[in-house]
Amino acid sequence: MARRPGAPAAYREEFSFVSPLVKYLLFFFNMLFWVISMVMVAVGVYARLMKHAAALACLAVDPAILLIVVGILMFLLTFCGCIGSLRENICLLQTFSLCLTIVFLLQLAAGVLGFIFSDKARGKVSEIINNAIVHYRDDLDLQNLIDFGQKKFSCCGGNSYKDWSQNMYFNCSDDNPSRERCSVPYSCCLPTPNQAVINTMCGQGMQALKYSEASNVIYTNGCIDKLVNWIHSNLFLLGGVALGLAIPQLVGILLSQILVNQIKDQIKLQLYNQQHRADPWY
């Protein structure tokens, strides 16, 4: 049958605008992070169940709860990406792309605001550290985190080693019955070469000493200044980490938008073929 003059050439029935490469690349991309999200949720639930019932989450939020929440959100997001790409569902793909764009913009805004309002960010960090010091003995995970930080940055307390007096066990008041009265955690102590056994009592009574005397046994500088200095000297590293987090998000947004456009073109082609299939001049 002759084609109507001026009508566009028809594509063959088996032709598709949807690229299998884009489709399955997006599917496996989301599948990878889907599995990661399930692992995050499992680890978070396990960590939460292993905590003592009375343990306190003394940071801004319990790391185990944070892991569970982030894992669930990632699970739902990647679910939309997986099913949307596999079923070529525009609604799910657009939801995935929109959510991923929002997450990326929030991360970007947080980084910019943190840089602009660095003084306020420092004050917030100081508040978190002081709160963690107060609850040092209440949560084993928190205790291990603080000990790791003090060893890593060679510091003690928030602004100085005397900040440990905020903790009820290390408080220097005369009515404190604790054996750790006026002490600091062992992680504040200067490392001893060739030490086979860790002396957990090395910080005994250090808060009662002057800086010059205490500095011979423990770190006297606070962790806030050490942390700020570390950030300033590792900006390229932090920038690389931020870029590493941003690239997968941008790749996901790009692939989903490409696939959405391809699906729309395929729908237009199907509608065109249906409308002109009965045309005697087609």
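This section describes the fold, the annotated segments and selected residues of a predicted model.

The protein chain contains 8 helices and 0 strands, and its elements, read from the N terminus on, follow the order α-α-α-α-α-α-α-α. Of the 282 residues in the protein chain, 32% are buried. The accessible surface of the protein chain amounts to about 17,700 Å², and carbon and sulfur atoms account for 67% of that area. Where contacts in the protein chain link residues at least 6 apart in sequence, 70% of them join residues at least 24 apart.

An unreviewed UniProt entry lists residues 21-47, 53-79, 91-117 and 235-260 under "transmembrane region". Two of these annotated stretches were examined for their secondary structure in the model. Over residues 91-117 the chain is 96% helix and 0% strand, with the end C-alpha atoms lying 38 Å apart. Over residues 235-260 the chain is 100% helix and 0% strand, and here the end C-alpha atoms are separated by 37 Å.

The packing of two packed helices is described by the angle between their axes and the distance between the axes. For helix H7 (residues 223-233) and helix H8 (residues 235-276), the axes come within 5 Å and cross at roughly 75°. Because angles of 65 to 115 degrees count as roughly perpendicular, H7 and H8 are roughly perpendicular to each other. The contact brings Trp230, Ile231, His232 and Ser233 of H7 against Leu235, Leu237 and Leu238 of H8, and the residues of this contact of H7 with H8 comprise 5 nonpolar, 2 polar and no charged. Although Gln270 and Ser16 are 254 residues apart along the chain, their C-alpha atoms are separated by 9.5 Å.

Ser37 lies in helix H1 (residues 20-50) and counts as buried, its relative accessibility being 0%. When residues up to four places away in sequence are not counted, Ser37 touches Gly71, Met74, Phe75 and Thr78.

The loop between helix H5 (140-153) and helix H6 (211-214) holds Cys188, which is buried with a relative accessible area of 0%. With residues up to four places away in sequence again set aside, the residues that Cys188 touches are Gln150, Cys155, Cys156, Trp164, Ile218 and Tyr219. Cys188 and Gly203, which are 15 residues apart in sequence, are 7.1 Å apart in space, C-alpha to C-alpha. Cys182 is likewise found in the loop between H5 and H6, and Cys182 is buried, with a relative accessible area of 8%.

Backbone geometry was considered next. Most residues other than glycine have a negative phi. Cys182, by contrast, has a positive phi of about 65° although it is not a glycine. Glu88 is a further case, with a positive phi of about 55° although it, too, is not a glycine. The position of Glu88 is in the loop between helix H2 (63-87) and helix H3 (90-116). Whereas Cys182 is buried, Glu88 is partly exposed, with a relative accessible area of 29%.

Definitions and conventions. Residues are numbered from 1 along each chain as its sequence is written. This is a predicted model: local features need pLDDT of at least 70, side-chain atom pairs count only at pLDDT 80 or more; totals for chains, interfaces and linings use all residues. Side-chain values use heavy atoms; hydrogens and water are left out. UniProt positions are given in the numbering used here, feature names are shortened, and annotations may be inferred rather than shown by experiment. Helices (H or I, at least four residues) and strands (E, at least two) are DSSP runs, numbered from the N terminus. Axes are lines fitted to C-alpha atoms, for helices over the stretch in contact, and angles run from 0 to 180 degrees between N-to-C directions. Angles under 35 degrees count as roughly parallel, over 145 as roughly antiparallel, 65 to 115 as roughly perpendicular and the rest as oblique. Contact means heavy atoms within 4.5 Å. Ala, Val, Leu, Ile, Met, Phe, Trp, Tyr, Cys and Pro count as nonpolar, Asp, Glu, Lys and Arg as charged, and the others, Gly among them, as polar. Buried means under 20% relative accessible area, exposed over 50%, partly exposed in between (1.4 Å probe, protein chains only). Accessible areas come from the Shrake-Rupley method with a 1.4 Å probe; for residues, only the protein chains shown count as cover.
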